[in-house]
Amino acid sequence: MADGAQSKISLSRVVMRLARNPGTEFADGDDHRGYSLVAPLTPDGHLDAAAYGKARAQCVVRRFAPDEDATDGKLVHQGQRWYFDYDDSAAAGEEPVFQLGQHRFAVGEYVSITDEDGRLLTYKVTDVMPA
């Protein structure tokens, strides 16, 4: 690559839908409740922290559910923590994602997200495509 040239960061859109969560009102899951995440992924499907640093503004998340308006936020990476932030504050409005940096974003994989009520719920990756 020539000096001063920047390569375009490749972003993926990952859709995660609520999986079976025994012991909750979502015991059977809910395909209409979940998240759509735009982020850079490594070739093996993990979040690419180095590329994230160059594409932070494009790394967004949308939480969707049939009984509420969609909520738009951003993906945030601080130290070893990744979380979804919906109001640009350091703590309020964040949803921690359990070991997000360790998850593989491939169809059929599972991701655990702490919801706005503090419950850790499991989501299944249903789609991964170029953003």
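Start by selecting Val 111, which sits in strand 7 (residues 110–114) of this predicted model. With a relative accessibility of 1%, Val 111 counts as buried, because the cut-off for that class is under 20%.

Keep Met 16 on screen and bring up the largest nonpolar core, a set of 22 residues. Met 16, Tyr 35, Leu 37, Leu 75, Phe 84 and Phe 105 have the most contacts inside it. Colour strand 1 (12–18), strand 2, strand 5 (81–85), strand 7 and strand 8 next, as each gives two or more residues to this core. Then look for another core, apart from that one, with five residues, including Ile 9, Leu 11, Val 38 and Ala 51.

Next stop: the strand pairings. Select strand 2 and strand 3, which run antiparallel and are joined by four bridges. On this stretch, Ser 36 stands opposite Arg 62 of strand 3. Move on to strand 4 (residues 68–78), also antiparallel to strand 3, with five bridges between them. Here Val 61 has Gly 73 as its bridge partner. Strand 3 and strand 4 form a hairpin, and two residues lie between them.

Stay here for a salt bridge: Arg 63 and Glu 68 meet at 3.7 Å, N to O. Arg 63 counts as buried at 14% relative accessibility, while Glu 68 is partly exposed at 29%.

How many salt bridges are there in total? The count is six. For another one, select Arg 119 and Glu 25, whose closest N and O atoms are 2.8 Å apart. This pair links distant parts of the chain, 94 residues apart: Arg 119 is in the loop between strand 7 and strand 8, and Glu 25 is in the loop between strand 1 and strand 2. Arg 119 is partly exposed at 25% relative accessibility, whereas Glu 25 is exposed at 57%.

Now pick Arg 33 and Asp 30, both buried, which form a salt bridge with closest N and O atoms 3.5 Å apart.

Finish at the second largest pocket, with about 170 Å³ of space. Among its 14 lining residues, Arg 33, Asp 115, Glu 116, Arg 119 and Tyr 123 are the closest to its centre. Strand 2 (30–39), strand 3 (60–65) and strand 8 (120–130) each supply at least two lining residues. Colour the lining by class and you will find seven charged, six nonpolar and one polar residue.

Note on methods:
Residues are numbered from 1 along each chain as its sequence is written. This is a predicted model: local features need pLDDT of at least 70, side-chain atom pairs count only at pLDDT 80 or more; totals for chains, interfaces and linings use all residues. Side-chain values use heavy atoms; hydrogens and water are left out. On a 1 Å grid over the protein atoms alone, a cavity is a set of points where a 1.4 Å probe fits but cannot get out, and a pocket is an open set with protein on both sides within 12 Å along at least five of seven lines; lining residues have an atom within 4 Å of a point. Grid points are joined across faces, edges and corners, and a volume is the space filled by probe spheres set on the points. Ala, Val, Leu, Ile, Met, Phe, Trp, Tyr, Cys and Pro count as nonpolar, Asp, Glu, Lys and Arg as charged, and the others, Gly among them, as polar. Buried means under 20% relative accessible area, exposed over 50%, partly exposed in between (1.4 Å probe, protein chains only). A nonpolar core is a set of buried Ala, Val, Leu, Ile, Met, Phe, Trp, Tyr and Cys residues joined through side-chain atoms within 4.5 Å. Two strands pair if DSSP finds at least two bridges between them. A salt bridge is a side-chain nitrogen of Lys or Arg within 4 Å of a carboxyl oxygen of Asp or Glu.
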